[in-house]
Structures are given as C-alpha cells and as structure tokens.
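Have the structure open while you go through them.

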Amino acid sequence: MMEEECRFSSSDSFKEAEVGTPLSAVVEAFEELAKSLEGSSEDLRLHPFLFACSHVSDLFGCLGLGFKFAEIEYVSKVNKLLQASKAFYTLSGIIDHDVRNGTIRKSGSHSRNLRRVRLGLDLIKALFEQFLSSKECSPKEAASNAYAQVCAPYHTWPVRKAVAAGMCTLPTREQLLLKLQDIDQSVEREMKRYINASTPIIEYIDNLYLSRDICLDCYAPSELGTLALNPYSTYKSLE
C-alpha cells in the first residue's frame with residue numbers, strides 16, 4: 001500500500017482567524033471541526049485539525065508558568081504534525097503509515113505526536129469542566145484536578161510533585177478572565193462550547209487507535225513529565 005499522497009496546495013494555508021478573544025478563536029475552530037464530522041464518513045483532514053489545535057496554545061499561555069511545561073510540549077508536537085501535513089492528508093493516514101512501518105510506539109513518530117496533542121486537548125477540556133463545576137473553583141483548583149484526571153495517572157510521584165509546585169503560580173480567577181479578555185458569564189458559555197465541540201474530536205482520535213487494535217496507554221507518557229521536572233528552566237523539545 002502506497003504512502004498517502006500529499007494533496008495540499010497554496011490555497012490550503014491556514015485561514016486568518018477572525019478577531020476575537022483567545023477562547024472564542026479556539027471554540028469557533030473546534031466547532032467547525034466537529035461540524036465536519038457530523039453525518040460524514042470521510043476521514044478528518046490533518047490541516048484543519050492543526051489549524052484548530054494551533055489556537056489552543058494561546059490558552060496554555062494564559063495559564064502562565066504553571067502550565068508552561070504543557071504549552072512547550074503541546075506546541076512542539078503540533079509543529080511536528082504540521083510538518084507531517086506536507087506528506088499526509090488525514091489523521092488516519094499518519095497512523096496507517098506508522099502501522100505499516102512498525103513505528104507506532106517509536107519516539108517521535110507521527111502517531112505518538114498525535115497522541116500527545118490529543119492529551120493536551122483533553123487537559124484543557126477537563127480544566128474547563130472543573131472550572132465550571134463551581135463558582136468558587138479557582139484556576140489552581142481546576143488545573144490541579146484536571147491534571148490529576150488526565151496526566152497524573154501516567155506520571156511518577158516526583159513528576160506529580162513538581163507539577164503541583166508549578167500550580168502555585170497559576171493566575172487567580174480574575175487574572176485569568178483578564179488574560180482571556182472576557183467576563184465571567186461569557187467565559188463560562190465559551191468553555192461549555194469548547195467542551196461540547198472538542199468531545200467528538202477527542203473521541204474520534206481515540207477511535208482511530210482503538211479501531212486498529214492500538215492500546216491508548218501504549219505510549220509511555222513520560223515526555224510531559226520530563227519537562228515538568230524542571231518547569232522553569234530552559235525548555236528543550238522532546239522527541
């Protein structure tokens with residue numbers, strides 16, 4: 001079976017995002033992605049997916065140094081997949097390529113990078129769910145609970161301890177709203193929209209692995225943890 005042919009042209013470049021808040025830009029991009037999956041049997045295209053994912057790094061940035069480890073790791077993997085989009089048209093195409101070449105578990109493989117990006121999307125989703133669970137929930141509490149739910153099960157105790165220390169630098173609820181350039185009521189509405197829009201995308205990615213009998217936990221998730229061990233030092237992209 002031939003490697004999936006690249007079918008991009010200059011017209012496929014990322015569209016300029018409409019002027020709005022960092023959160024609204026993410027929401028609109030993922031709602032477009034989710035809409036493309038509704039009632040369609042076609043594979044999700046890699047380029048529009050990465051366009052939506054590129055906005056999520058702004059949300060990590062709004063969380064400050066406490067989430068710098070996640071931002072650096074996430075941006076690194078998105079950029080690597082962007083390079084892969086020159087040769088592959090769909091998300092399923094990059095996984096099939098690794099399956100054929102026996103590189104599913106190989107460090108730096110496209111499938112491994114996609115799994116890392118999916119983890120980042122889920123981390124933001126869980127953070128928003130926690131943030132919306134109570135008016136009294138602070139970003140620190142929301143982020144701590146989200147990390148415990150999404151990433152901590154994969155990390156060793158020293159890594160979890162280092163991440164916990166970084167959580168102390170997270171902004172207050174008021175500071176976060178200021179960084180998001182929004183007010184409390186509209187932020188809650190936009191967070192709910194992201195949760196609803198990202199859920200089918202995350203499930204779609206999971207199904208790409210499961211339908212090929214690839215265990216979702218087969219990737220050693222220590223890459224994020226390695227960055228977290230020294231979250232305030234000079235960051236180095238991990239393969």
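1. A term to settle before anything else: buried means under 20% relative accessible area, exposed means over 50%, and partly exposed is what lies in between (1.4 Å probe, protein chains only). With that in hand, take Val-27: its relative accessibility is 0%, so it counts as buried. Val-27 belongs to helix 1; helices here are DSSP runs (H or I, at least four residues), strands are E runs of at least two, and both are numbered from the N terminus.

2. Some housekeeping. This is a predicted model, where local features need pLDDT of at least 70, side-chain atom pairs count only at pLDDT 80 or more, and totals for chains, interfaces and linings use all residues. Residues are numbered from 1 along each chain as its sequence is written, and side-chain values use heavy atoms, with hydrogens and water left out.

3. How far can you trust it? pLDDT is the predictor's confidence in each residue, from 0 to 100. The protein averages 81, and 82% of the residues score at least 70. Helix 4 (residues 91–101) has the highest confidence, at 96, while helix 10 (residues 222–228) has the lowest, at a mean of 40. Over residues 220–239 the pLDDT is below 50, yet the model gives this stretch 53 contacts beyond near neighbours in sequence; contact means heavy atoms within 4.5 Å. Residues 1–18 also stay under 50, with 33 contacts beyond four places in sequence. Where pLDDT is low, the predicted coordinates should not be read in detail.

4. Overall make-up: there are 10 helices and 0 strands. Buried residues make up 50% of the 239 residues. Of the contacts with a separation of 6 or more, 77% are between residues 24 or more positions apart.

5. Now the helix 1 and helix 9 pair. Helix 1 (residues 22–37) packs against helix 9 at an angle of about 40°, with the axes 8 Å apart. Those axes are lines fitted to C-alpha atoms over the stretch in contact, and angles run from 0 to 180 degrees between N-to-C directions. On the helix 1 side the contact includes Leu-23, Val-27 and Phe-30; on the helix 9 side, Glu-190, Met-191 and Tyr-194 are among the residues involved.

6. Zooming in on that pair, Val-27 touches Glu-190, Arg-193 and Tyr-194, not counting residues up to four places away in sequence. Met-191 sits in helix 9 and counts as buried at 1% relative accessibility. Met-191 and Leu-23 are 168 residues apart in sequence and 7.7 Å apart in space, C-alpha to C-alpha.

7. Which residues touch the most other members of the largest nonpolar core? In this core of 67 residues, they are Phe-30, Phe-49, Phe-67, Leu-91, Leu-114, Leu-121 and Phe-128. A nonpolar core is a set of buried Ala, Val, Leu, Ile, Met, Phe, Trp, Tyr and Cys residues joined through side-chain atoms within 4.5 Å. Helix 9 (residues 184–210) gives the most to this core, with 11 residues.

8. Helix 5 (residues 110–132) has end C-alpha atoms 33 Å apart, which agrees with the 33 Å its 23 residues should span at 1.5 Å a residue; the expected span is 1.5 Å times one less than the number of residues. Of those 23 residues, 20 are buried, so helix 5 is largely enclosed by the rest of the structure.

9. Asp-213 lies in the loop between helix 9 and helix 10 and is exposed, with a relative accessible area of 73%.
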